[in-house]
Amino acid sequence: MTPDEVKPMTEQQQQPADDLPETISPAPGILIADHFRESFGYAVKRSGGTKDWIITFTLSGSGSYRIGDYRLVCVPGDIVILKPGTPHRYAAEPAGWRFVWSHFLPEPRWAGLLQLPEPHPGLIHLSIESAAVRSRLERTFDRLIHETKDEMPLKDQLAINAMEEIVLLVAGEHRRDGSQALDPRVEEVLRLLTERLSEPHTVEELARHVALSPSRLAHLFKAQVGDAVLETLLKTRLRHAARLLEHTSRLVSEIAADVGFGSPYYFTKQFTSFFGCSPTVYRERKQ
């Protein structure tokens with residue numbers, strides 16, 4: 001069976017398995033990773049997907065992913081990435097499944113790197129053919145797992161660096177076939193949103209800057225990045241605010257202004273909706 005082959009389901013597997021309990025998702029914005037060895041019977045179900053991205057890299061055995069009627073079996077060397085909001089189930093196949101995984105939120109600069117094959121909307125699948133890249137991915141995942149569990153200073157930044165290396169390795173393997181990166185105009189908009197985080201932005205103003213109509217920019221940006229322009233700006237502001245809460249002693253109202261929110265109340269409301277807790281509670285947990 002080739003890695004891209006969809007395995008026919010048995011009568012038992014075709015059953016809806018409505019009795020499978022929902023799996024609790026971690027709060028978005030917390031980079032976590034681990035190494036699992038699971039036997040047949042292990043299963044995860046999230047009917048509403050997650051707010052963050054999930055990546056798995058199969059080391060041995062096999063696992064299966066289901067989204068509605070679509071089913072994918074992953075084998076050693078396979079990368080599977082689930083985008084936010086993608087309803088899914090995944091499980092160990094009869095021979096067992098050994099894999100590494102991470103829940104993460106992409107940095108804005110990764111948007112072009114995550115333009116990868118989607119055999120089903122919301123599910124990215126890529127087979128890593130190079131033995132050298134497979135070995136390096138496994139080592140980098142090991143480092144990521146270590147950094148997410150360590151207590152040393154700057155561990156979060158070290159973990160982000162490891163996660164970025166994984167994304168780069170996967171994207172680099174994909175681009176061996178000549179696939180293209182982001183449209184340069186989309187890259188320029190991402191640069192502006194990141195470097196001028198506290199400034200007010202509109203789609204119309206950004207479109208003029210890159211010589212596109214607002215509707216064309218909105219369509220192109222959404223197609224390549226996955227989120228709308230202003231949604232990307234909001235998420236970028238909130239992620240940067242989370243870093244400031246963790247690594248500085250600035251007041252919540254000051255951080256709100258630093259990242260472009262005119263109202264501390266609105267900032268707190270958006271932050272709580274995204275991270276699942278208020279800025280104050282988030283800071284207390286991190287400290």
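The largest nonpolar core has 35 residues, of which V189, L217, F221, F267 and F271 touch the most other members. A nonpolar core is here a set of buried Ala, Val, Leu, Ile, Met, Phe, Trp, Tyr and Cys residues joined through side-chain atoms within 4.5 Å; buried means under 20% relative accessible area, exposed over 50% and partly exposed in between, with a 1.4 Å probe and protein chains only. Two or more residues of this core come from each of α4 (184-195), α5 (203-209), α6 (214-225), α7 (229-247), α8 (252-258) and α9 (264-275). Helix α7 gives the largest share, seven residues. Leaving out residues up to four places away in sequence, V189 touches L206, V210, L217, F221 and V229, where contact means heavy atoms within 4.5 Å. Another core, of 31 residues, lies apart from the largest one and includes A33, W110, I128 and A159.

The model is predicted: local features need pLDDT of at least 70 and side-chain atom pairs count only at pLDDT 80 or more, while totals for chains, interfaces and linings use all residues. Residues are numbered from 1 along each chain as its sequence is written, and side-chain values use heavy atoms, with hydrogens and water left out.

The chain contains 10 helices and seven strands. Helices (H or I, at least four residues) and strands (E, at least two) are DSSP runs numbered from the N terminus. pLDDT, the predictor's confidence in each residue from 0 to 100, averages 87 over the chain, and 92% of the residues score at least 70.

| Element | Residues | Mean pLDDT |
|---|---|---|
| helix α1 (lowest) | 11-14 | 36 |
| strand β5 (highest) | 78-82 | 97 |

Over residues 1-16 pLDDT stays under 50, and the model has 28 contacts beyond four places in sequence for them. Where pLDDT is low, the predicted coordinates should not be read in detail.

Along the principal axes, the C-alpha atoms fill a box of roughly 55 × 45 × 40 Å. Of the 287 residues, 48% are buried. Among contacts between residues at least 6 apart in sequence, 72% join residues at least 24 apart.

A search of the whole structure finds zero disulfides, a disulfide being a pair of cysteine sulfur atoms within 2.5 Å.
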